[in-house]
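Please keep the viewer open as you read.

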Amino acid sequence: MNNIQNILKIENLTKHYNDFLALKKINIDIKAGELVTLLGPNGAGKSTLFSILSGMLSPDRGDCYISGKSIIHEPVLALKNLGIVFQQPTIDTELTVLDNLLFHARLHGIKTKNIKEYIFKELSSYNLENKIYKKVKILSGGEKRKVELIRSLIHKPKILLMDEPTVGLDPSSRKELLLKVHTLKNKDKLSILWTTHLVDEAEKADRVIVLNKGEILKIGTPSEIIKKMNVQSLERAFFKLIESEKNNDKI
Ligand code: ADP
Ligand code: MG
């Protein structure tokens with residue numbers, strides 16, 4: 001079953017690593033232009049979910065549809081509409097910024113003619129135009145992340161996945177990245193699924209999904225979750241959910 005209205009549909013996804021249950025019957029729908037934060041502590045299963053969404057890992061059961069295309073049965077068509085920034089940097093540090101971006105463009109069959117202009121414009125929007133011919137290894141962590149973000153969007157995907165992209169960034173780079181993500185949502189109407197263990201990054205999301213030990217504990221707008229948990233802030237709601245789970249309380 002798939003639904004074209006949803007840019008991303010995750011159905012009954014289950015994944016084990018040997019006997020360890022990493023994801024248990026995950027169901028998530030993301031609509032066009034929605035910014036959803038997947039909030040979970042370390043080990044919750046966020047990166048496992050992203051590995052399945054990017055076709056690197058097979059689920060035991062369930063499926064994911066990107067713009068209606070199954071990642072299991074139509075991976076090439078599904079991945080056409082997906083942009084991803086992984087938790088660990090995956091950029092070639094020995095290549096220049098331009099060559100990294102051109103390589104990705106060619107992988108997606110994008111013609112080189114206008115793409116250089118586009119890359120220059122995108123780099124300029126981060127004040128990185130003077131780094132275009134530099135090897136990636138000389139860039140700061142924040143600059144590398146920005147190049148990875150540009151790369152993830154070069155083929156104009158419908159949904160962007162970012163796995164803890166702000167980890168290791170200084171406060172100003174973190175703020176800049178958050179602002180950029182909100183611009184992509186508001187101006188470019190991009191759907192975004194963003195993982196984090198930092199509650200403040202989830203506060204402005206359209207919806208928040210709280211994941212813990214491979215299970216979804218809550219899905220809702222930040223204010224719905226705060227209200228349901230009968231607390232004053234998303235941070236308190238998050239900790240209450242995780243604590244209740246530890247004590248096996250019913251919420
Ligand atoms: P998160 O990204 O939320 O921190 P992960 O998806 O990386 O969580 O990991 C979820 C759980 O699965 C963790 O307990 C982790 O130790 C375990 N895990 C992740 N990858 C593997 C693997 N390749 N083999 C065995 N266990 C794994
Ligand atoms: Mg992770």
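## Overall shape

A compact globule of 251 residues would have a radius of gyration near 18 Å, and the protein chain agrees because its value is 18 Å; this radius is taken over C-alpha atoms, and the globule rule is 2.2 Å times the number of residues to the power 0.38. The C-alpha trace spans about 55 × 40 × 35 Å along its principal axes.

This is a predicted model, in which local features need pLDDT of at least 70, side-chain atom pairs count only at pLDDT 80 or more, and totals for chains, interfaces and linings use all residues. Residues are numbered from 1 along each chain as its sequence is written, chains are lettered from A and ligands numbered from 1 in the order in which they are written, and side-chain values use heavy atoms, with hydrogens and water left out.

## Fold and burial

The protein chain has 8 helices and 10 strands, which are DSSP runs numbered from the N terminus (helices: H or I, at least four residues; strands: E, at least two). Of its 251 residues, 52% count as buried; buried means under 20% relative accessible area, exposed over 50%, and partly exposed in between (1.4 Å probe, protein chains only). Among contacts with a separation of 6 or more, 66% come from residues 24 or more positions apart, a contact being heavy atoms within 4.5 Å.

## The magnesium site

Which residues coordinate the magnesium ion (ligand 2)? Ser47 (OG) and Gln87 (OE1) do, at 2.1 to 2.2 Å. The two link distant parts of the chain, 40 residues apart: serine 47 belongs to helix 1 (residues 46-53), while glutamine 87 sits in the loop between strand 6 (82-85) and helix 3 (97-107). Donors here are N, O and S atoms within 2.8 Å of the metal (3.2 Å for Na, K and Ca); water is not among the atoms, so sites may look incomplete.

Helix 1 is largely enclosed by the rest of the structure, because 7 of its 8 residues are buried. Those buried include Leu49, Phe50 and Ile52. After helix 1 comes glycine 55, with a positive phi near 80°.

Leaving aside residues up to four places away in sequence, glutamate 148 touches Val85, Pro89, Thr90 and Ile91.
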